[in-house]
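Please look through the sequence and the structure below, and then follow the explanation one step at a time.

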Amino acid sequence: MRALPQRVPGLAELNLPVNLSELVLPNNGLVLVCGPTGSGKSTTLAAMLDHLNRTQFRHVITIEEPVEFEHRNRQSVFEQIEVGSDSPSFATALRSALRRDPDVILVGEMRDLETMATAITAAETGHLILSTLHTGDVAQAIHRVVDVYPTAQQAQINQQLSLSLSAIVCQQLIPTADGAGRVPAVEVLRATYAVRNHIRRGNLDRVYNELLGGRSRGMTSMEQSLAELVRANAITADEARVRSSRPEELERMLAGS
């Protein structure tokens, strides 16, 4: 059991990159927020939607299990659906939501093929779809989506995903150096032309190179984020090493600091 605040926190309060607010500006596309259980994915999505609510005129439908944050109508109009009480499943709720002329749909979790297929199709047909996956980095997130499909369909879904994907955010919550709390380390992938091309061709090992070279486009790798937190004395170097999936890359960045 965990207590949830009545007020949706802002991105700056959560120590998240403020440019995450840009991910809710497009009219269509798929935005995935990834990370292990308890890493703050739902809170990040709530903060992004709260920014949209304050700045954009949109019709937003959220599908969650359970509903964690209440979004009151400001600039946008919200409908919040709870799986279990309002709908039997994410897939059923998503199909129903598409008939209600939404601009933005939050799918709390993409657990099955039907939900993923419907969400990707909706992202292609003029909706902004936000959802979560339990993966550690952007390459794993892409693999998770593709691997849900039968082998014979995976080339087709690579093509679909390359066209519909807008961004992937992966995050971890890390204990601070003083032990007083936790701070997020965040990996952000934006779907540039090069990233879309790698996904379409199935060259996911090259996506990491786009992360490293994409700082000017708002991208950052987990290792870059960890190194920045170490340099700011927010976390210890030992804690960063434990959290990194590419320790050699992290050591190179720490040595360069």
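**From a loop to the sheet and the cores**

N233 sits in the loop between α8 (222–231) and α9 (237–243). In this predicted model, the phi angle of N233 is near 60°, a positive value in a residue other than glycine. N233 has a relative accessibility of 63%, and because exposed means over 50%, this residue counts as exposed. Another residue with a positive phi near 60° is N15, which is found in the segment before β1. A cis peptide bond, with omega at about -5°, joins E65 and P66, and P66 belongs to the loop between β2 (59–64) and β3. As background, most residues other than glycine have a negative phi, and most peptide bonds are trans.

Turning to the strands, 7 of them form an open sheet with mixed pairing, in the order β3-β2-β4-β5-β1-β6-β7. Because β3 (77–82) and β7 (182–190) stand at the edges with a single partner strand each, one side of each is left without a neighbour in the sheet. On average, and with direction ignored, neighbouring strands of this sheet are turned by 15° against each other. Within the sheet, β1 (residues 29–34) and β6 (residues 165–175) run parallel and are joined by 5 bridges, and C34 has C170 in β6 as its bridge partner. Helix α5 (residues 154–164) lies across β1 and β6, and runs at about 80° to β6.

The largest nonpolar core has 41 residues, and those with the most contacts inside it are I63, L161 and I168. When its neighbours within four places in sequence are left aside, L161 is in contact with L30, I120, I142, V145, V146 and I199. Apart from this core lies another, of 22 residues, including L16, L45, A47 and L106.

Notes. Residues are numbered from 1 along each chain as its sequence is written. This is a predicted model: local features need pLDDT of at least 70, side-chain atom pairs count only at pLDDT 80 or more; totals for chains, interfaces and linings use all residues. Side-chain values use heavy atoms; hydrogens and water are left out. Two strands pair if DSSP finds at least two bridges between them. Helices (H or I, at least four residues) and strands (E, at least two) are DSSP runs, numbered from the N terminus. Axes are lines fitted to C-alpha atoms, for helices over the stretch in contact, and angles run from 0 to 180 degrees between N-to-C directions. Contact means heavy atoms within 4.5 Å. A nonpolar core is a set of buried Ala, Val, Leu, Ile, Met, Phe, Trp, Tyr and Cys residues joined through side-chain atoms within 4.5 Å. Buried means under 20% relative accessible area, exposed over 50%, partly exposed in between (1.4 Å probe, protein chains only).
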